[in-house]
Structures are given as C-alpha cells and as structure tokens.
Amino acid sequence: MAKYVPDITTNRWVIVAEGRSKRPTDAKSAGGTVNKVCVFCPGFEKIPGEELFRVGKGAPYEPGWQVRVIKNKYPITDFHEVIIHSPDDQKDIDQLPLSQVKLILEVYRARYNVNLPNGHAIIFNNVGEVAGASINHPHSQLVVVPKQITLDTLQLEPIVNTIFESSKFVVFCPNFSQWPFEVWITPKKRNQLFGQISDEEITDLAAVLQNILRRLIYHLGGGSHFHPGVPMVTFKEGPAYNFYIHHGQDWYIRIVPRLIHRAGFELGTGLSVNIIDPVDAAEVLREEKVEEK
Ligand SMILES: [Zn+2]
C-alpha cells in the first residue's frame, strides 16, 4: 500500500511504495541473470496481472489482442495500469503502423476517462533502462494520484521555437526546457482535458507523435549530420526517453530524451542546467528528414 509523505514547508509529497522494489526486470541483475520469457508477449497473458481492457480479438487472458491493459502487479498507487502497445515485442510508437499508434492513443483516452473520477490520471511512457523502463516490451503506464495530493507539474509553456505543425497540433521546444532536446506537443484546440480529445485529433496526433519521436531517435542516435554551433549529444545505450501527458486542463505531451544525469548542483538548488539551447534544438529537429510510413 502506498504511503504519502508531505514536506513540511513546500507542499510537495513523497510516495513510499516498497512493493515496487520486487518488480521483475529485463535488465541484467547483479548476478547476471536475464528474464527468459517476456510476460507482456502473446501467450503469457495469464502471468502478469488482472486484465482490465483490450482492443482486438480473443477472450480475456488469451492471445488475439492488439492493445492490452492490465493492473500493475507492483503499483505505485492504488490505481496503476500497464498499457501494452502491441503484441510486437520490439516495435514501439516510432516503428509501429500508424493504425496501431492510433489504437494506443484511443486506449489512452479510454483509460484516462475511466480513471478520472479516481483522482489525477497521469499517463506516461518510459523507454530505455536509463529512463526507468524495467521491461523492454513497449508499454505505457497510467497512475492515479488522489486529488488531495498536490502535484508539482508545469502548465503549458508559451509556444515558441516551433519544429513543425499539423492541422491540429504544434510541436515545439519551449524556452523553459529543463532537458536537452525536450519537446512539447500541444493541441491547437486549447483548454481541454486529454480525455476530451476527438477522433480526428487522435488520427492527427498518431502521425505527429511518430514523426517527432523518429526525428529525436534519428538525431540523438547519431544518424544526423553535424550542426555547426550546436553541441553533439547522443544516446549512450540506444534510445532512452520519457513522455507524459499532462493530466490537467490545457493538456500537452512532454517528451524528455534522457541524455544527461542530474547532479549535485541541481539537487542542491532545484535549478536545471540545460546544455542545449531550445532555440538550437528546434532548429536541428526542424531540419531532420523523416521518411513517411
Ligand atoms: Zn514481449
């Protein structure tokens, strides 16, 4: 059971969730052992946790699904779900067919709306071990935090340094970027909750999200030409990034590539040091060509 601990002066909270330490991992443990089966793959539906929702065919706990939602066996809070992106163990949003990305976003919307009465519903995606992913099979998570817990979240930043836009979204690098190559996606229709996203917006967002993830993965994977005047930073061990969907009014998606570690100065001051000017990040990402699928 999660325990919420407030700070005396700052109105910030810590969640103590000891059960999290028991969760399995694909990463090599100190003993060098590796999980042999992937419990998120088709055929292992009975193992990982209570099935809450699925898109596609098949009875609960059987194969045939396209997107599957299960309870997290090692929850952070009382409501913690895992959204398995597809039966494919390797392909994630940057590689899956757009029709599948659309299904994932539709499931995000459905689970957000189901969980909204329970508190703040936060949907997030961790890719790569340094970004906190413990199981490689592409998946997102939804965690609900009780309403009475105040969250330390950002409101939508002013739209500047636009990378590209579609008919319904703008992709940009805010001047207040705490991380190198941080990218935000905002709907042009403002002051909505994520759960209010329309079918047309989902279709558009699938392409926009895939497009910007490809640009980031290509550039930060070292596939890009050198951009004079912009420091070259790359992923150290394959793509590693987080994104989350802002849970509140005026929703946005924030993508944070994990290229650097936070260090003592930042811990001691609460200040972020960003080694890439967001003006440069936007310019570099604007120039990256991505093939349409
Ligand atoms: Zn798998």
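The following legends describe close-up views of a predicted model.

View 1. The protein chain is divided into domain 1, residues 1–152, and domain 2, residues 154–293. Their C-alpha centres are separated by 22 Å. Contact between the domains involves 24 residues of domain 1 and 24 residues of domain 2. On the side of domain 1 that touches domain 2, helix 1 and strand 6 (120–127) each supply at least two residues. Helix 1 gives the most to this side, with nine residues. Sorted by class, this side of domain 1 holds 15 nonpolar, five polar and four charged residues.

**View 2. Helix 1, residues 98–115.** Helix 1 has 18 residues, which at 1.5 Å a residue should span 26 Å; the end C-alpha atoms are 26 Å apart, so the model agrees with that expectation.

**View 3. The largest nonpolar core.** This core comprises 59 residues, of which Val183, Ile185, Leu209, Ile212 and Leu216 touch the most other members. Helix 2, residues 199–223, gives the most to the core, with nine residues. Because domain 1 and domain 2 both give residues to this core, it lies between them. In soluble globular proteins, nonpolar side chains tend to be buried together.

**View 4. The surroundings of Ile185.** Residues up to four places away in sequence are not counted here. With these set aside, Ile185 touches Phe169, Val171, Val208, Leu209, Ile212, Tyr252 and Ile253. Two of these partners, Leu209 and Ile212, are named with Ile185 among the core residues that touch the most other members.

**View 5. The loop at Gly49.** Gly49 is located in the loop between strand 2 (13–16) and strand 3 (51–56). Gly49 counts as partly exposed because it has 18 C-beta neighbours inside 10 Å. Apart from neighbours within four places in sequence, Gly49 is in contact with Ile70, Lys71, Asn72 and Lys73. Tyr74 is 25 residues from Gly49 in sequence, and the C-alpha atoms of the two residues are 9.5 Å apart in space.

**View 6. The span annotated at residues 81–142.** An unreviewed UniProt entry places the feature "domain: Galactose-1-phosphate uridyl transferase N-terminal" at these residues. In the model, the end C-alpha atoms of residues 81–142 lie 5 Å apart. The span is 29% helix and 26% strand.

How values were computed. Residues numbered from 1 in each chain as written. Predicted model: local features only at pLDDT ≥ 70, side-chain atom pairs only at ≥ 80, totals over all residues. UniProt positions renumbered as here; feature names shortened; annotations may be inferred. Helix = DSSP H or I, 4+ residues; strand = E, 2+ residues; numbered from the N terminus. Core = buried A, V, L, I, M, F, W, Y, C linked by C-beta atoms within 7 Å. Buried ≥ 20, exposed ≤ 12 C-beta atoms within 10 Å, placed from the backbone. Domains from an automatic or database assignment. Contact = placed C-beta atoms within 7 Å. Expected span 1.5 Å × (residues − 1). Nonpolar A, V, L, I, M, F, W, Y, C, P; charged D, E, K, R; others polar.
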